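Open the model in your viewer and keep the selection tool at hand.

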Amino acid sequence: MFASSAPPSPTVAAVLLPGERPSVEAAGSGCFAVVHRDSIVEAVRVVRERPVDAVLVSVHRCEPDYVEALGHLVRDFPGIPTVALVSRHDDSASETLLRLGASGVRQVVDVTSPTGWHRLRRVVGQPATRAVARIQGPLLDALGDLPLDARLFLEALVRLAPEAATVRLLAQRLTIRPSTLMSRFGRAGLPSPKNYLAAVRLLHAALLFETAGLSVADVAYRLEYSSPQSFGRHLRAMLGITASEFRRRFPFPTAMTHFVERMIQPYALIWREFHPLSAAGWERRGERRLATR
């Protein structure tokens with residue numbers, strides 16, 4: 001059996017007035033998690049240190065000194081939407097919105113009406129799945145038709161790789177014993193689950209490196225490495241290069257092609273009959289082999 005774990009709720013870094021916080025928390029209940037900070041500078045630090053799906057900033061907390069920092073956030077992290085929140089109408093809010101627009105903020109949610117809270121949930125409450133889709137698409141296209149559990153395994157591998165740094169953690173999320181998983185890959189003649197997990201984690205690293213505002217250390221911590229040095233050792237073991245070289249030589253399209261050519265295409269026929277999660281699949285294969293003897 002395997003678990004059909006739902007994707008984690010989106011995380012929103014928020015800079016809000018004290019009176020706005022309870023309402024935003026209530027709006028996000030069951031839809032997104034909020035990490036509150038008291039300044040734009042502190043919110044930027046959150047974006048650098050952990051996966052964040054959106055940044056929510058109250059126009060009533062955007063002092064003129066903060067607008068420049070917000071502009072840097074928008075430019076350095078273009079993949080993370082920055083949303084301005086309006087909870088009351090006054091002259092200062094209108095002026096701030098003009099400054100925010102000039103700094104690059106393109107989305108505004110006005111919660112002075114009931115429909116505003118619904119729009120807030122829609123704007124910042126959708127899970128960020130672009131990274132997963134960009135990896136899963138070419139991978140599954142290269143394999144074609146697959147057994148259901150093989151497809152589910154690969155989808156889970158791509159989705160869980162950023163947070164599951166070891167096969168043991170991956171197997172826990174799939175509710176299968178690590179030894180069973182490794183045995184099935186070995187008997188099929190496939191590279192080990194550890195090798196697949198390590199390679200997919202590098203694909204996520206290549207995607208993160210597309211964001212100019214993320215340093216090598218930021219990417220290392222986003223992918224749950226114990227340190228940037230640990231990330232560097234992983235890259236040297238896998239590819240024989242440094243993290244800076246990886247960033248320069250392996251933009252995501254190159255990294256994806258490298259992965260498909262080395263880890264997918266040579267084993268496509270095996271994957272099309274492989275059952276990594278279903279013992280019944282192994283029993284059927286054994287029956288077919290006995291029938292041909």
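Which residue of strand 2 does Ala-14 stand opposite? Select both: Ala-14 faces His-36. This is a predicted model, where local features need pLDDT of at least 70, side-chain atom pairs count only at pLDDT 80 or more, and totals for chains, interfaces and linings use all residues. Residues are numbered from 1 along each chain as its sequence is written, and side-chain values use heavy atoms, with hydrogens and water left out.

**First stop: strands 1 and 2**

Select residues 11-15, which form strand 1. Strand 1 pairs with strand 2 in the parallel sense over four bridges. Strands here are DSSP runs (E, at least two residues), helices are H or I runs of at least four, and both are numbered from the N terminus. Two strands pair if DSSP finds at least two bridges between them.

Strand 1, helix 1 and strand 2 make a right-handed β-α-β unit. Right-handed means that, with the strands pointing away from the viewer, the path from the first strand over the helix to the second runs clockwise.

Go to residues 82-86 and 107-110: strands 4 and 5, parallel, joined by four bridges. Val-86 has Asp-110 as its bridge partner. The chain crosses between these strands through helix 4 (residues 91-103), in a right-handed crossover.

**Last stop: a pocket lining**

Select helix 10 (193-208) and helix 12 (228-239); each supplies at least two residues to the lining of the second largest pocket. A pocket is an open set of points on a 1 Å grid over the protein atoms alone, where a 1.4 Å probe fits, with protein on both sides within 12 Å along at least five of seven lines; lining residues have an atom within 4 Å of a point. Helix 10 gives the largest share, five residues. Among the lining residues are Lys-194, Tyr-225 and His-234.
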